[in-house]
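Hi,

Here is the structure I promised to pass on.

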Amino acid sequence: YEDDDVLAVDKPAGMSFHSDDLVHNAPGVLATIRLLQASGELPGSDYAGPLHSVHRLDKVTSGVLLFAKSEGVAAALGAQFQRRLVHKYYVALSARRPSK
């Protein structure tokens with residue numbers, strides 16, 4: 001998803017938010033997005049401006065990441081996360097039934 005204020009990115013499980021120098025210099029989500037922006041190959045977007053992270057997801061977690069296109073939008077969304085006004089949903093898949 002993209003509009004004038006934000007870019008939403010589908011982060012795959014197993015990819016760090018920041019570059020992971022401990023694992024073969026693997027680029028993180030943010031570095032990958034910036035490389036795709038620079039090459040004009042960011043799927044579904046031609047936005048080449050700055051991006052500000054609003055939140056992160058753990059390496060093992062897949063899901064949607066929001067990036068703000070301005071510092072003001074980043075601050076406003078960050079405040080919403082901090083005040084717990086953002087509704088987050090997690091779904092877990094397992095090969096077996098949980099014990100609890």
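Serine 16 counts as buried, because its relative accessibility is 17% and buried means under 20% relative accessible area (exposed is over 50%, partly exposed in between, with a 1.4 Å probe and protein chains only). You'll find serine 16 in the loop between strand 1 and helix 1. Apart from neighbours within four places in sequence, serine 16 is in contact with Gly28, Val29 and Lys59, where contact means heavy atoms within 4.5 Å.

Before you go further, note that this is a predicted model: local features need pLDDT of at least 70, side-chain atom pairs count only at pLDDT 80 or more, and totals for chains, interfaces and linings use all residues. Residues are numbered from 1 along each chain as its sequence is written, and side-chain values use heavy atoms, with hydrogens and water left out.

Now the overall picture. The protein chain has 2 helices and 3 strands, in the pattern β-α-β-β-α along the sequence. Both kinds of element are DSSP runs numbered from the N terminus (helices are H or I, at least four residues; strands are E, at least two). Of the 100 residues, 30% count as buried. Among contacts in the chain with a separation of 6 or more, 53% are between residues 24 or more positions apart. The C-alpha atoms fill a box of roughly 45 × 35 × 25 Å along the principal axes.

The 3 strands form an open sheet in the order 1-3-2, with antiparallel pairing. Strand 1 and strand 2 (52-53) stand at the edges with a single partner strand each, so one side of each has no neighbour in the sheet. Two strands pair if DSSP finds at least two bridges between them. Strand 1 and strand 3 pair over 6 bridges, and valine 6 has alanine 68 in strand 3 as its bridge partner. Strand 2 and strand 3 pair over 2 bridges; here serine 53 has phenylalanine 67 in strand 3 as its bridge partner. Strand 1 is mostly covered, with 5 of its 6 residues buried.

Then the pockets. A word on terms: on a 1 Å grid over the protein atoms alone, a pocket is an open set of points where a 1.4 Å probe fits, with protein on both sides within 12 Å along at least five of seven lines, and lining residues have an atom within 4 Å of a point. Grid points are joined across faces, edges and corners, and a volume is the space filled by probe spheres set on the points.

The largest pocket has a volume of about 570 Å³. It is lined by 20 residues, and Leu57, Val64, Lys88, Tyr89 and Tyr90 are the closest to its centre. Strand 3 (63-68) gives the largest share of that lining, 3 residues. By class, the lining of the largest pocket has 10 nonpolar, 6 polar and 4 charged residues (Ala, Val, Leu, Ile, Met, Phe, Trp, Tyr, Cys and Pro are nonpolar; Asp, Glu, Lys and Arg are charged; the others, Gly among them, are polar).

The second largest pocket holds about 200 Å³ of space. Of its 17 lining residues, Val9, Asp10, Ile33, Leu42 and Pro43 lie nearest its centre. Strand 1 (6-11) and helix 1 (29-39) each give two or more residues to this lining, and strand 1 gives the most, with 5 residues.

Cheers
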